[in-house]
Amino acid sequence: MRGTGGKPRREAVDVIEARVPDRTIERLLGVRKHRLERFERERREARERWRARRDALRQAKLAWRSAREGASEHWRQARAQFFAMETDSRQFRAAQGGYERMKRDTGQRLLAWREHAGGSRAAGADFFAAHRQLAEARRQQEKLDILRQHIKDTERRHDD
C-alpha cells in the first residue's frame with residue numbers, strides 16, 4: 001500500500017516497553033527491617049530489666065539470709081551468756097525482746113525477697129516473650145528475603 005507521498009507505509013516496530021520495577025517488596029522489607037530493629041531494642045531492654053530485677057532479688061535474698069543469721073547468732077549468744085550465768089534474767093529478757101524484733105525484721109526481709117521474686121519472674125517472662133517475638137520477626141524477614149531473591153531470579157530469566 002502506498003500512503004500519501006508515494007512511499008510505502010511502514011509498520012510500527014514493536015518495542016518492548018521498559019517495565020517499571022515493583023518496589024513493593026523493597027518497601028515492605030524496609031518497614032520490616034525497622035520493626036526488627038525495634039524488636040531487638042525491646043529485647044535488649046527487657047534483658048536489662050530482667051538482669052536488674054534478678055540482681056535486686058539476689059540482694060534481697062542476701063539481706064534476708066544475713067538478718068536470719070544475725071538473729072540466730074544474737075539468740076545463741078544471749079542463751080549462752082544466760083546459761084553461763086554471765087547475765088541476769090532482766091538482760092536475758094531484753095535480749096529475748098531484741099531477738100523477737102530481729103525475727104520480725106527477718107520476716108519483713110523474707111516478704112521483700114518474695115516480692116522481688118515475683119517481679120523477677122515477670123521480667124523474665126517479658127524477656128522471653130520479646131525473644132520469641134524477635135525470632136518470629138527474623139523468620140518473616142528471612143522468608144521475605146527468599147521471596148525477593150526468587151522474584152529477582154524470575155525477572156532475570158524473563159528478561160533473558
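**Entry 1**

I looked up arginine 148 and found it partly exposed, because its relative accessibility is 27%; the scale calls a residue buried under 20% relative accessible area, exposed over 50% and partly exposed in between (1.4 Å probe, protein chains only). The model is a predicted one, in which local features need pLDDT of at least 70 and side-chain atom pairs count only at pLDDT 80 or more, while totals for chains, interfaces and linings use all residues. I noted that residues are numbered from 1 along each chain as its sequence is written, and that side-chain values use heavy atoms, with hydrogens and water left out.

Which residue forms a salt bridge with arginine 148? I found aspartate 145, with the closest N and O atoms 3.8 Å apart. The term requires a side-chain nitrogen of Lys or Arg within 4 Å of a carboxyl oxygen of Asp or Glu. Both residues lie in helix H2, three residues apart, about one turn of the helix. Aspartate 145 is partly exposed as well, at 31% relative accessible area.

**Entry 2: salt bridges in helix H1**

By this rule I recorded 11 salt bridges. One of them joins arginine 76 to glutamate 73 at 3.1 Å, N to O. These two are three residues apart in helix H1, so about one helical turn separates them. I also found glutamate 45 paired with arginine 41 at 4.0 Å, N to O; here the spacing in helix H1 is four residues, again about one helical turn.

**Entry 3: helices and overall form**

I counted two helices and zero strands in the protein chain, where helices (H or I, at least four residues) and strands (E, at least two) are DSSP runs numbered from the N terminus. The C-alpha trace spans about 140 × 25 × 15 Å along its principal axes. Of the 160 residues, 19% count as buried.

**Entry 4: aromatic rings**

I then examined the rings and recorded eight aromatic pairs. Rings of Phe, Tyr and Trp (its six-membered ring) pair if their centres lie within 6.5 Å; planes under 30 degrees apart are stacked, over 60 edge-to-face, and the rest tilted. Why is the pair of tryptophan 75 and phenylalanine 92 tilted? The ring centres of tryptophan 75 and phenylalanine 92 are 5.5 Å apart and their planes stand at 40 degrees, so the pair counts as tilted. Tryptophan 75 belongs to helix H1 (residues 24-83) and phenylalanine 92 to helix H2 (residues 89-159), 17 residues apart. Both are buried. I saw that ring pairs link Trp75, Phe82, Phe83, Phe92 and Tyr99 into a cluster.
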